[in-house]
Amino acid sequence: MSFNSGKRFDLYKDLLESSGYFKLVCGAGLEERKNVEKLCYIYTLAGCTGFDVAANVDIVSAAKKGIDAAFIKAKDLKLTIPFRPFITVSVGMPGDHHVRKASINSNCIGCNLCIPSCPTNAIPESLNVISELCIGCGNCESACPSTANAIEYNHNAKQLLDVLPKCVEAGAESIELHAGVPDQESTLKEWEIVSNSIPNGMISMCIDRKHLSNNDLVDRIYAAKDIADDRLIIQADGIPMSGGADNFNTTLQAVSIADYIYKEVKLRDSKFTKLPILISGGTNSLTGSLARQCGVKFNGITIGTHARNVISNYTKSPYSLSNSQLLESITTARNLINRNLQKNYSNNI
Ligand code: SF4
Ligand code: SF4
């Protein structure tokens with residue numbers, strides 16, 4: 001299925017315009033096929049409208065496999081899945097947290113404090129980080145008492161010109177560039193490649209205020225629009241990968257950056273009236289509610305850590321779950337979607 005078909009493009013646009021887009025972030029760095037497949041399986045059954053996965057052909061295939069399995073299982077459970085979720089592949093600029101991989105060096109004192117801090121179990125007792133599982137969140141570094149930088153990061157470099165067309169061919173329908181770096185010139189070069197890799201599809205730029213001033217943020221959006229025109233989505237990243245805890249403070253910055261972009265870009269310049277804004281970076285079950293209470297307009301919500309956490313009891317072997325256990329997991333995931341989008345999507349459960 002190609003995103004370039006008009007119907008899918010229109011559907012994507014409609015979802016954004018109606019603020020009905022919910023994207024599960026599997027992780028730009030998560031390159032472990034089975035994990036991605038399982039997440040896509042449960043969240044497709046729950047009515048999730050999109051998935052964000054690493055720019056890797058095998059991972060796109062794994063996401064499709066999970067989606068396909070969900071459609072088959074839905075018949076058995078007598079659930080309705082209205083349409084196939086959209087698959088976005090994520091790439092990132094060197095320096096962006098979403099695309100870095102941790103490794104532990106010889107300065108390590110072997111205290112093992114980093115092991116339980118890792119949300120993806122990427123640190124085994126051997127302390128050799130499992131690269132496919134590392135999502136670059138930095139939790140291990142925060143837990144590490146070493147004063148000699150025992151944890152370092154490598155950029156998960158992708159040859160965009162090579163990998164992106166292959167991902168699109170494999171079924172990716174949208175591309176996201178994590179551009180949480182100040183370097184405008186090189187960011188726009190990569191953005192151009194992203195744009196050319198999927199000329200008829202939506203492309204998303206993910207930006208935050210840790211690396212860009214408010215003025216730089218606005219400049220970046222204008223420059224991105226010049227290249228993407230009406231295919232542009234802005235993913236407003238509160239504090240990248242800070243989610244997990246389910247309270248208002250955790251999601252405050254995510255709502256705040258969306259508010260800033262709404263007021264300083266959408267309201268000020270009519271050419272941005274329809275610019276879709278996705279809220280991310282510290283998102284949880286309260287994000288939609290906080291945004292609505294604050295009068296912040298948004299077109300969709302993307303959640304990573306918290307969304308993965310709420311179904312973690314079920315993702316070890318979801319294909320072996322009894323129907324009642326599976327329905328429990330679907331209800332949990334669906335509640336997260338509904339609370340955020342204020343939908344009453346029952347999925348027939
Ligand atoms: S804690 Fe985060 S950065 Fe560290 S190994 Fe685990 S996923 Fe990678
Ligand atoms: S927390 Fe730091 S010092 Fe302790 S085991 Fe992990 S890397 Fe080594």
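In this predicted model, the centres of domain 1 and domain 2, taken over C-alpha atoms, are separated by 25 Å. Domain 1 covers residues 6-94 + 159-341, and domain 2 covers 97-155. Where the two meet, 13 residues of domain 2 are in contact with 15 residues of domain 1. On the domain 1 side, strand E3 (residues 86-92) provides the largest share, three residues. Sorted by class, this side of domain 1 holds six nonpolar, seven polar and two charged residues.

The largest nonpolar core counts 97 residues, and Val53, Ala63, Ile234 and Ala258 have the most contacts inside it. Both domain 1 and domain 2 give residues to this core, so it lies between them. In soluble globular proteins, nonpolar side chains tend to be buried together.

Helix H7 is also worth a look. This helix spans residues 184-197, 14 residues in all, and reaches 20 Å from its first C-alpha to its last, close to the 20 Å expected at 1.5 Å a residue. Its buried residues are Thr187, Glu190, Trp191, Val194, Ser195 and Ser197. Seen down the axis of H7, these buried residues fall within an arc of 155°, so they line one face of the helix. The face turned away from that buried side carries the exposed residues Glu185, Ser186 and Lys189. Among the elements covering the buried residues of H7 are helices H6 (160-170) and H8 (214-228), together with strands E6 (174-178) and E7 (203-208).

Terms used:
Residues numbered from 1 in each chain as written. Chains lettered and ligands numbered in written order. Predicted model: local features only at pLDDT ≥ 70, side-chain atom pairs only at ≥ 80, totals over all residues. Helix = DSSP H or I, 4+ residues; strand = E, 2+ residues; numbered from the N terminus. Expected span 1.5 Å × (residues − 1). Buried ≥ 20, exposed ≤ 12 C-beta atoms within 10 Å, placed from the backbone. Arc of directions from axis to C-beta. Contact = placed C-beta atoms within 7 Å. Core = buried A, V, L, I, M, F, W, Y, C linked by C-beta atoms within 7 Å. Domains from an automatic or database assignment. Nonpolar A, V, L, I, M, F, W, Y, C, P; charged D, E, K, R; others polar.
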